[in-house]
Amino acid sequence: MHQALPPAAAIGGPAVALGGVTLFFISKYIKDQQKKSSSLPLPPEVPGLPVIGNLLELKEKKPYKTFTKWAEKYGPIYSMRAGSNAMVVLNSNDVAKEAMVTKYSSISTRKLSNALKILTCDKSIVAMSDYDEFYKTAKGHLLTSTLGPNAQKLHRVHRDVMINNVCNQFRAHANTNPSVAVNFRNIFESQLFGLSLKEAIGEDVESIYVEELGITLSGQEIFQILVMDPMEGAIDVDWRDFFPYLKWIPNQAFEIRIEQMYYRRQAVMKALIDKQKKRIASGKNIKCYLDHLLSEADTLSEQQILMLLWEAIIESADTTLVTVEWAMLELSKDPNRQNRLLSEIQNVCGSDKVTEEKLCHLPYLAGVFHETLRKHSPVAIVPLRYVHEEAQLGGYSIPQGTEIAINIYGCNMDPNVWDRPEEWKPERFVGGKEGTLELHKTLAFGGGKRVCAGAMQAMLISCIAIARLVQQFEWRLGEGEETNVDTVGLTTRKLHPLLTIINPRGEEF
Ligand code: HEM
């Protein structure tokens, strides 16, 4: 779950009508009190309307882009209002790092939207939990069994199978339909999902009977229920998010939608887990997250195990696809850079397939990866945090109770740091130390204690996939694809799957 900000799209009439004047006086009183308690000034404020604040300016737009535009006028740190919620937005590396590293202890609490509260069972997953005992224990399990360096070594075999399958499917397409554009996502997404299931429950499942739903679901349907629906739900609008004092007003359509997603997700996860429990009961253990969590069953409830497993599945299956799809789009429209990458691969690997061992000798490939993360930041805004005790950031006082939005996209597009930030130029990352694999050349994975736990896996899969696909095929954009760059809702996921024409470079792979 990497989704961040609930959209401002559907601001209901009742919210605007109620409580406006009272709210104005209350918020003025709080501000006066806060000013008295700190000698530092408050951050500059983006002017907004009474009651709804800046919601209209965020309506139907990409909030990360609007935030970035506001930074040009108000500076790297400013405040705004999403309905009655005071929010401070951070748009530069310095101030974002200050929040994530030095001042973490004052802003370690998560602020979840109503949709996320339901979907995450009120913070029962690592990425959305507060910094508490549950978080520390659960993160330990995730790193030990799945995402840490030793676990990633164990799962190497799954990554190799996945990349071979991806390449074979592209080759099969090129052999049968050489002039027809291939839907990149169809192939990559289902293989990535297969890998996430193997790591989580030990098996890529082709179909499963779900007793609670009374049906047998295909792999594609399981993917829809475990990954696509909740991702859509995570950015669903409940206008009460922006007006918590109106939470007593029902929003039935929203509640039914999210509850249904929750119910189906629970039912499918239970069916998957029950099947694996039978395997374990028959004496067959596999090195996967489920087997590890069940061995810790005295400290975790069944519901906690279900949620942690689901987290590993959804987080593996989304952001890595977003990264590789944008990288292949950028390479497909830029034959010179594609050739430069190919030459590097040929110089280092000759006619052998690229393997993970070779990654640290491929600096241009690393540049392609980091530049794609920079320009298309798969997590554009860090899941919102909440200031639980007054803090100081960037020379300003941040009152207790403020929400904090760290705009990673804004940091990665800051013209004071990046020359011509709107251009995709992997060269800007080339020239580092040969033989090292740095993960954090941008803020794409966040930072500090809550830095992305899956960064290593994301890097290994993305880099090997990009390298093998360029080594094996020549890539060109399908017709109309150059301008087909819109994204889904609030996210940076490409709206329409990438369509490319591929030509095999030879028969040797
Ligand atoms: C290119 C791919 C990815 C990007 C750009 C990315 C980015 C991020 C970001 C920005 C955060 C939030 C940091 C914060 O709250 O301060 C995060 C957290 C997290 N990510 Fe990722 N992520 C990626 C892939 C993955 C993968 C593949 C997994 C797991 C399979 C994963 C698991 C997690 C977890 C568990 C957290 C929570 C860490 C914590 O709170 O301690 N991520 N990620």
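Does Cys452 count as buried or exposed, and how many C-beta neighbours does it have inside 10 Å?

Modeller: Cys452 counts as buried, because it has 22 C-beta neighbours inside 10 Å. The cut-offs are 20 or more other C-beta atoms within 10 Å for buried, 12 or fewer for exposed, and partly exposed in between, with C-beta atoms placed from the backbone. A word on the basis: this is a predicted model, where local features need pLDDT of at least 70, side-chain atom pairs count only at pLDDT 80 or more, and totals for chains, interfaces and linings use all residues. Residues are numbered from 1 along each chain as its sequence is written.

Now the annotation. An unreviewed UniProt entry places the feature "binding site" at Cys452; such annotations may be inferred rather than shown by experiment. Cys452 sits in the loop between α18 (408–412) and α19. Helices here are DSSP runs (H or I, at least four residues), strands likewise (E, at least two), numbered from the N terminus. Not counting residues up to four places away in sequence, Cys452 touches Phe445 and Gly446. Contact means C-beta atoms within 7 Å.

Next, the ligand. The shell has 28 residues, and Cys452 is among those that come nearest, with Ala127, Thr319, Gly446 and Gly454. The shell divides into 17 nonpolar, 8 polar and 3 charged residues. Here Ala, Val, Leu, Ile, Met, Phe, Trp, Tyr, Cys and Pro are nonpolar, Asp, Glu, Lys and Arg are charged, and the others, Gly among them, are polar. Helices α7 (133–147), α14 (302–317), α15 (319–332) and α19 (455–472) each supply at least two shell residues.

The loop that holds Cys452 also holds Arg420. Arg420 is exposed, with 9 other C-beta atoms within 10 Å. Its phi is positive, about 40°, although it is not a glycine. Most residues other than glycine have a negative phi.

Asp122 also has a positive phi, about 55°. Asp122 lies in the loop between α6 and α7. With 11 C-beta neighbours inside 10 Å, Asp122 counts as exposed.

Methods: Near = placed C-beta within 6 Å. Contact = placed C-beta atoms within 7 Å.
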